[in-house]
Amino acid sequence: MPRYKLTIEYDGAPFSGWQIQAGGLTVQGVLTAAIEALAGEKTLVQGAGRTDAGVHARGQVAHVDLTRDWDTDTVRDALNAHLRPHPVAILAAERVADGFNARTSAVKRHYLYRILNRRADLTLDAGHAWRVPRPLDAAAMHAAAQRLIGKHDFSSFRASECQAKSPVKTLDVLTVTRDGDAVNVTASARSFLHTQVRSMVGSLAMVGEGKWSADDLAKVLAARDRTACGPLAPPDGLYLMKVDYAAK
């Protein structure tokens, strides 16, 4: 049975997240319906990550098994036709080995969090960035972020409903840069805990506002206590940008 790897872009605003759930519109749900419309098969699309409600993706990856050996361009174009008018697009479809798994074969996931640091309300970026009206010191945020790099127990940045077996993760990259009003936070790791990136961003904003120091952030990490963390940044600014896999 041929297995297809799908690279997917979506606007998370109208969805209750990636994973199918009762009574809610989900990305996985509309993809599964599109595949059934194309191939006449009811088969579940398995994604590299379960993005939360309101979280976006520019490079989500999923895999699906189909009975027929379809041309990959046909899979891409036909699925996009069936996905309309939902804000979901298949950027690429490719045949992969049977052992490929979008989730377990991934070696690194890359996220971007967009902050717009301005007094004015958002218009074009409404629902796609976090507006922070108070001035942020991006350099201080970046310096503090380096205290979180490496292998740590990230319990302080973990949602209570997180299903990960262990709170220990290795954070490879966490950077904060400013470009005009935009403050961009990038994070890369093999895997993340539920709401880890948004929790880290909310805590870094405390540093940027001058309420916390880098030492304070390190103490939050060491506390291993969710109540020590800063506010949870909203989902609007978070994007799953890319998922890496080992070379064939």
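How are H3 and H4 oriented to each other: roughly parallel, roughly antiparallel, roughly perpendicular or oblique? The first close-up below takes up this question. All views show a predicted model.

**View 1. Helices H3 and H4 pack at an angle of about 130°.** H3 covers residues 138–145, and H4 covers residues 196–208. Their axes lie 8 Å apart. Angles of 65 to 115 degrees count as roughly perpendicular and those over 145 as roughly antiparallel. H3 and H4 are therefore oblique to each other. Their crossing is right-handed. On the H3 side, the contact is made by Ala 140, Met 141, Ala 144 and Ala 145. These meet Leu 204, Ala 205, Val 207 and Gly 208 of H4. Of the residues in this contact, 7 are nonpolar, 1 is polar and none is charged.

**View 2. Helices H1 and H2 pack at an angle of about 115°.** Here the axes are 9 Å apart. H1 passes H2 in a right-handed crossing. H1 contributes Val 30, Leu 31, Ala 34, Ile 35, Ala 37 and Leu 38. H2 answers with Val 75, Ala 78, Leu 79, His 82 and Leu 83. The residues of this contact divide into 10 nonpolar, 1 polar and no charged.

**View 3. Helix H2 has buried residues along its length, among them Val 75 and Leu 83.** H2 runs over residues 72–83, 12 residues in total. From first C-alpha to last, H2 reaches 16 Å, close to the 16 Å expected at 1.5 Å a residue. Its buried residues are Val 75, Ala 78, Leu 79, Asn 80 and Leu 83. An α-helix has 3.6 residues a turn, so residues three or four places apart point the same way. What covers the buried residues of H2 includes strand S1 (3–10), helix H1 (27–39) and strand S4 (88–96).

**View 4. A cis peptide bond joins Arg 84 and Pro 85.** Omega is about 10° at this bond. Most peptide bonds are trans. Pro 85 sits in the loop between H2 and S4.

**View 5. Thr 195 and Arg 224 each have a positive phi, at Thr 195 about 65° and at Arg 224 near 50°.** Most residues other than glycine have a negative phi. Thr 195 belongs to the loop between S9 and H4. Arg 224 is found in the loop between helix H5 (214–223) and strand S10 (238–245). Buried or exposed? Thr 195 counts as buried because its relative accessibility is 12%, under the 20% cut-off. Arg 224 counts as exposed because its relative accessibility is 55%, over the 50% cut-off.

**View 6. Tyr 4 is buried in the model, with a relative accessible area of 0%.** Tyr 4 is placed in strand S1. Leaving aside neighbours within four places in sequence, Tyr 4 contacts Ala 62, His 63, Val 64, Leu 66, Arg 68, Asp 69, Trp 70, Thr 72, Val 75, Glu 94, Arg 95 and Val 96. Val 75 is also one of the H2 residues that meet H1. Tyr 4 and His 82 are 78 residues apart in sequence. Their C-alpha atoms are 17 Å apart in space.

**View 7. Thr 32 lies in helix H1.** Thr 32 is buried, with a relative accessible area of 10%. Its contacts, leaving aside neighbours within four places in sequence, are Ile 20, Thr 43, Leu 44 and Val 45. Thr 32 and Leu 44 are 12 residues apart along the chain. Their C-alpha atoms are separated by 5.8 Å.

**View 8. Ala 182 lies in strand S9.** S9 spans residues 182–189. At 17% relative accessibility, Ala 182 counts as buried. Not counting residues up to four places away in sequence, Ala 182 touches Ile 115, Leu 116 and Thr 177. Ala 129 is 53 residues from Ala 182 in sequence. In space, the two are 9.3 Å apart, C-alpha to C-alpha.

Methods
Residues are numbered from 1 along each chain as its sequence is written. This is a predicted model: local features need pLDDT of at least 70, side-chain atom pairs count only at pLDDT 80 or more; totals for chains, interfaces and linings use all residues. Side-chain values use heavy atoms; hydrogens and water are left out. Axes are lines fitted to C-alpha atoms, for helices over the stretch in contact, and angles run from 0 to 180 degrees between N-to-C directions. Helices (H or I, at least four residues) and strands (E, at least two) are DSSP runs, numbered from the N terminus. Angles under 35 degrees count as roughly parallel, over 145 as roughly antiparallel, 65 to 115 as roughly perpendicular and the rest as oblique. A crossing is left-handed if the near helix is turned anticlockwise from the far one by less than a right angle, and right-handed if clockwise. Contact means heavy atoms within 4.5 Å. Ala, Val, Leu, Ile, Met, Phe, Trp, Tyr, Cys and Pro count as nonpolar, Asp, Glu, Lys and Arg as charged, and the others, Gly among them, as polar. The expected span of a helix is 1.5 Å times one less than its number of residues. Buried means under 20% relative accessible area, exposed over 50%, partly exposed in between (1.4 Å probe, protein chains only).
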